[in-house]
Amino acid sequence: MTAGTSSDTPAWGEAGLTLRQVHGQLTLEAAGDWVIATAPRLDQKIRDLPVAAGQKTVTIDLAGIGRLDTAGAWLLRGLHDRLAGSNLSISYSGVQASHRPLLDQVERVQQGTPVTVTPPSHLAEIAERTGAATINFCREAVAMVGFLGLLVVRLGGVIVRPRRLRWTSVVYHMEATGLNAMPIVGLLSFLIGLVLAYQGADQLRRFGAEVFVVNLVGISTLREMGVLITSIIVAGRSGSAFTAQIGTMKVNQEVDAMYTLGLDPAEILVLPRMLALLITLPLLTFYANVVGLLGGALMSWVELGITFSSFMSQLQSAVAVHHFWAGMIKAPVFAAAIAMVGCYEGLQVTGSAESVGRLTTQSVVVSIFLVIILDAIFSILFSKIGI
Amino acid sequence: MTDGRTDPDVVIRVRNLVTRFGPQVLHDGLDLDVRSGEVLGVVGGSGSGKSVLLKAIIGLLRPASGSIKVLGREVERMTDRQLRDIQRQWGVLFQDGALFSSMTVCENIQLPIKEHTDLPQSLIDDITRVKVAMVGLPPDAATKLPAQLSGGMRKRAGLARALALDPSLLFLDEPTAGLDPIGAAAFDALIADLQQSLKLTVFMVTHDLDSLGAICDRIAVLVDKKIVVDTMENLLDYPHPWIREYFHGPRGRAALAAVH
């Protein structure tokens, strides 16, 4: 009947608990619907119940109860516990047959099992988390070196037998990570070229050394900006995609299935992505360099009146070819780092969809971090050998 | 066709339901009445649209045409407020539990209680404990994340969340699939218990012939894009080949032998 009500709110009956004393006999009469909607009031009534001193027995009369749900049944148990706590012996009357299964269910529940974890004290928690993060970081680093080793071995296997490689997959990932990234990489590099030239022109004009804008734009774009901007975009774009793709496969147990079919996930999932990025990132870097220089040339012409041909000849005389190679040689190294981190984090996904999200974030952060660290190492190396 | 608007005993009324995905028609003019306080088992071959029917009734999927009334109201034409009221009165258990993966089991169960009532936290904790015990989960499971549970335990936790507000209408999508036979039997007993004390109406998509025999009052069979509803005894004598095969196949016979 209750289910058929058509009012806006379910028609809960008034619930009540009344204490009666008839011929020295104490009776508690429960009435109405003991359901979750009436629970707050009933809870309060049970708390406010005056427990008379000098009484030995009490009868709880349940005959007046209409509907009973688990919340109501729990309150009845709470009432029992409270009365028993004041040394009353309790008897029941009027228990309806339809309520009995639920009352029995609730009776079986153990009291006091914690449902929430109590967090340790604040300071201890900070120490614990720091420790766990440190240990985790070291483990990750070791595992990542191990993963790199595995990849090198697999790569060697593929070089010996190139037929084993999934070339379709490689081409697919080249399109996804390279071709599709061209608009955004081009736009950002062009803008960076513009900004470099504009800022440089502003400063160099004070010394009347406007023409050195070409050196500034050329060297900074070719050595650092082109490759760095490209790598960071690709890490955000493709590194995260690698983690999410492999992670989702992990959640769906596709990776497990691969393993049981005698297929090697490292060879099928990781190598094609790695190879694709090793090919496309240098190409993208070259493209970014060209577009960046174009941006610089445009701004030099607008701001300083340096024509395109004089920009080119100044570029040729000022920027030696080793600057170009110093930038380009970083690209495959960065590509390997991004692909490795992206795939590694993807394979770390366990069970839930939530860990896909968490590890994707981690993948982007770690790969950008690695790219910048590697760039710094390259700078030190280059300055030591005097390039 | 009897006019059901005046019949308070019908909780779910489906009339002339048509659902289709592209050119594929799943239900074609399907009629169904679910009566208050009954346990209705819905069966049908794979791809016959059992889960789709369930989704259409709870408003997750918009049918191509037809009317669906739950608790006397058209599902598609409800205001947000009415929908909230109805949602408070039904509980849904999805196939794999559909627990929120970033919350512990206990937080999952407490979420609807906190959202729809203003009980004190201590009472909410108590009710959570009751639900956890009711569905047969060990007490320490309450503090775990769904990813740390087995498939069967996730299902139980999902049921605990569906029961959090003690709904009057319970939708179960293959509740006993993936449970061991003992757990499945205990689950059947639990549904029967709850149904008695709460006067629950249960809409259960299932393939478990044992639960069909043990707890279902009536059985709805989805065949030929329509539905046939009857008691188990009467369905046994139906001439339709699929229904015959279903109840008289080797598994059907074994389950029936156990019931009688």
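1. At what angle do H7(A) and H10(A) pack, and how far apart are their axes? In this predicted model, the two helices pack at an angle of about 65 degrees with their axes 9 Å apart, where axes are lines fitted to C-alpha atoms, for helices over the stretch in contact, and angles run from 0 to 180 degrees between N-to-C directions. H7(A) passes H10(A) in a right-handed crossing, a crossing being right-handed if the near helix is turned clockwise from the far one by less than a right angle, and left-handed if anticlockwise. On the H7(A) side Val214(A), Asn215(A) and Gly218(A) take part, and they meet Phe311(A), Gln314(A), Leu315(A) and Ala318(A) in H10(A); contact here means heavy atoms within 4.5 Å.

2. On conventions, the model is predicted, and local features need pLDDT of at least 70 while side-chain atom pairs count only at pLDDT 80 or more, although totals for chains, interfaces and linings use all residues. Residues are numbered from 1 along each chain as its sequence is written, chains are lettered from A and ligands numbered from 1 in the order in which they are written, and side-chain values use heavy atoms, with hydrogens and water left out.

3. Chain A as a whole has 13 helices and four strands, these being DSSP runs numbered from the N terminus (helices H or I, at least four residues; strands E, at least two). Of its 387 residues, 42% are buried, with buried meaning under 20% relative accessible area, exposed over 50%, and partly exposed in between (1.4 Å probe, protein chains only). Among the contacts in chain A with a separation of 6 or more, 81% join residues 24 or more positions apart.

4. Thr230(A) lies in helix H7 (residues 213–251) and is buried, with a relative accessible area of 0%. Leaving aside residues up to four places away in sequence, Thr230(A) touches Val185(A), Leu281(A), Leu284(A), Thr285(A) and Ala288(A).

5. A nonpolar surface patch is formed by Phe286(A), Val290(A), Leu294(A), Phe308(A) and Met312(A), which together have about 460 Å² of accessible area (Shrake-Rupley method, 1.4 Å probe; for residues, only the protein chains shown count as cover). Helix H9 (265–304) and helix H10 (308–318) of chain A each give two or more residues to this patch, and the largest share, three residues, comes from H9(A). Patches are made of residues with over 30% relative accessible area and no salt bridge, nonpolar side chains (Val, Leu, Ile, Met, Phe, Trp, Tyr) being joined within 5 Å and like charges within 9 Å. Val290(A), in helix H9, is partly exposed at a relative accessible area of 40%.

6. The structure holds 17 salt bridges over all chains, each being a side-chain nitrogen of Lys or Arg within 4 Å of a carboxyl oxygen of Asp or Glu. One of them joins Glu125(A) and Arg129(A) (3.0 Å, N to O), which are four residues apart in helix H4 (residues 122–160) and so separated by about one helical turn. Glu125(A) is partly exposed at 23%, whereas Arg129(A) is exposed at 58%.

7. Glu267(A) forms a salt bridge with Arg164(A), the closest N and O atoms being 3.1 Å apart. Because Glu267(A) lies in helix H9 and Arg164(A) in the loop between H4 and helix H5 (167–177), the pair ties together parts that are 103 residues apart in sequence. Glu267(A) is buried at 11% relative accessible area, while Arg164(A) is partly exposed at 38%.
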